[in-house]
There are 2 protein chains.
Amino acid sequence: MAERPAREKGRAAEELPRQMRADARRNRDKLVEAAARVFAEQGGVDASLEDIARRAGVGIGTLYRHFPTREHLVEVVYRREVEALSRAADALAAANPPDVALNEWMLRLVDYAATKRGMANSLRVLQDTNAALFADTAGLVSATLRRLLEAAAAAGTVRSDVDSADVFRAISGIFSAPGTPDWRERSRRLVSLIMDGLRWSAPGGEGGGGKGPRVT
Amino acid sequence: MAERPAREKGRAAEELPRQMRADARRNRDKLVEAAARVFAEQGGVDASLEDIARRAGVGIGTLYRHFPTREHLVEVVYRREVEALSRAADALAAANPPDVALNEWMLRLVDYAATKRGMANSLRVLQDTNAALFADTAGLVSATLRRLLEAAAAAGTVRSDVDSADVFRAISGIFSAPGTPDWRERSRRLVSLIMDGLRWSAPGGEGGGGKGPRVT
DNA sequence: TCCAGAAACGGAGGCGCCTCCGGTTGATGG
DNA sequence: CCATCAACCGGAGGCGCCTCCGTTTCTGGA
């Protein structure tokens, strides 16, 4: 993939529409906000668009003007969610030791997986329609993970002989079967398991600094 | 595939429900009839179930009692259509010379293809749900075609060096892109083209009996 | 500051889906 | 032939989708 053009990193659609009336932008934001909330709450169920409009305090007509189809709305929410996830990594990295930041971030990833359920059907449609969307977001997530992982490895609190793709494969178990009631708890345990594995045999890890056997 | 049990050939679901109240069966039949009509008319569009109930002269509740989902209804109509197609072959064979019967039957197949459009979406769902349905019907259609073809070959009005699978592949062009306005005309031309090909170089074909070159 | 017109709002209304339940009707035993 | 009642009917009603258009609000220029 070649270098991107000058514009900021991702989030192009968010600010391109040059002149948008202030009220229009306000309503649009309210809608996205409400939609994110609703999708997160009602896992799996295709939420009612009228409900989203209602919660946003906006008429249904306004929703349809901004987002002609359900998929348009889902796409924006999805992008936003992924970008928030990426931005959260920076904040976490600034406020915590690198291994703690990594751990916290993976927990956020669990929450994000839950949100995704509310958009499941529409996301499936989008896969056929808009492959680029998924290429973008998947790239962003994996890049973020890599960033955190390398920082922690550099600090010596996490082993350095694994790469981010492996770690991602390991945690991707959280995306499966997110229907069961104890799913969240199980996912958090999975994350902690992985963190232990990452700290093990790291030079200065708190979980058993340097004393683990080198895993082949 | 092993021999079937004693019951008549196909159409099991049609008469199994031992005691069905007469009015219930009447309404069921009316619904299937109306549905077939509506599916045939409104190609591609998922027809309104309320419209079907209306045309059948029954309440919407009655429709839903007999057919809990749209797919249930589509399945019954689809089966009925295919079986009618097979039965028509017998009638045509009894009333016409074998090659004429074959020709007429392929034209019926064109009409049937048109009907199928009205059920397109639901059929797609059924493919994931009920693979057996398609195995049955595909088998029935191909068996019918073989029957007609062999009779015509035996009578010497159609060449005998092609098998039914090839012929089916040839006419299956009619199932593609049935959206264009001249689709029907084009399909009929396709059928006539194939018939000419089949009559060509047949011992006693009327289209040029026996004088064609042997096609490799 | 004010005004005109463009832009956006929002909800009524038409339609379809599906459920639920009071009323009706056909089958059955007497 | 009649009474009984399970089975069946039908459509009202609640909800969601989506469109259309009269009304309101913003914005840039005078």
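**Exercise 1.** Which helix supplies the largest share of the surface near DNA strand C?

*Solution.* This is a predicted model, in which local features need pLDDT of at least 70 and side-chain atom pairs count only at pLDDT 80 or more, while totals for chains, interfaces and linings use all residues. Residues are numbered from 1 along each chain as its sequence is written, and chains are lettered from A and ligands numbered from 1 in the order in which they are written.

Step 1. Helices are DSSP runs (H or I, at least four residues; strands are E, at least two), numbered from the N terminus.

Step 2. At least two residues each come from helix 1 and helix 3 (60–66) of chain A, and from helix 1 (22–41), helix 2 (49–56) and helix 3 (60–66) of chain B.

Step 3. Helix 3 of chain A gives the largest share, four residues.

Step 4. Among the 23 residues around DNA strand C, the nearest are Asn27(A), Gly59(A), Gly61(A), Ala22(B) and Gly61(B).

**Exercise 2.** Which helix supplies the largest share of the surface near DNA strand D?

*Solution.* Step 1. Helix 1, helix 2 and helix 3 of chain A and helix 1 and helix 3 of chain B supply at least two residues each.

Step 1. The largest share, four residues, belongs to helix 3 of chain B.

Step 2. Ala22(A), Asn27(B), Val58(B), Gly59(B) and Gly61(B) come nearest of the 22 residues around DNA strand D.

**Exercise 3.** At what angle do the axes of helix 1 and helix 2 of chain A cross?

*Solution.* Step 1. Axes are lines fitted to C-alpha atoms, for helices over the stretch in contact, and angles run from 0 to 180 degrees between N-to-C directions.

Step 1. The axes of helix 1 (residues 22–41) and helix 2 (residues 49–56) of chain A come within 8 Å and cross at roughly 120 degrees. Helix 1 of chain A is therefore oblique to helix 2 of chain A. (Angles under 35 degrees count as roughly parallel, over 145 as roughly antiparallel, 65 to 115 as roughly perpendicular and the rest as oblique.)

Step 2. Residues are in contact if their C-beta atoms, placed from the backbone, lie within 7 Å. In helix 1 of chain A, residues including Leu31(A), Ala34(A) and Val38(A) meet residues of helix 2 of chain A, among them Ile52(A) and Ala56(A).

**Exercise 4.** How many helices and strands does chain A have?

*Solution.* Chain A has nine helices and zero strands.

Terms used. Two residues are in contact if their C-beta atoms, placed from the backbone, lie within 7 Å. A residue is near a molecule or strand if its C-beta atom, placed from the backbone, lies within 6 Å of it.
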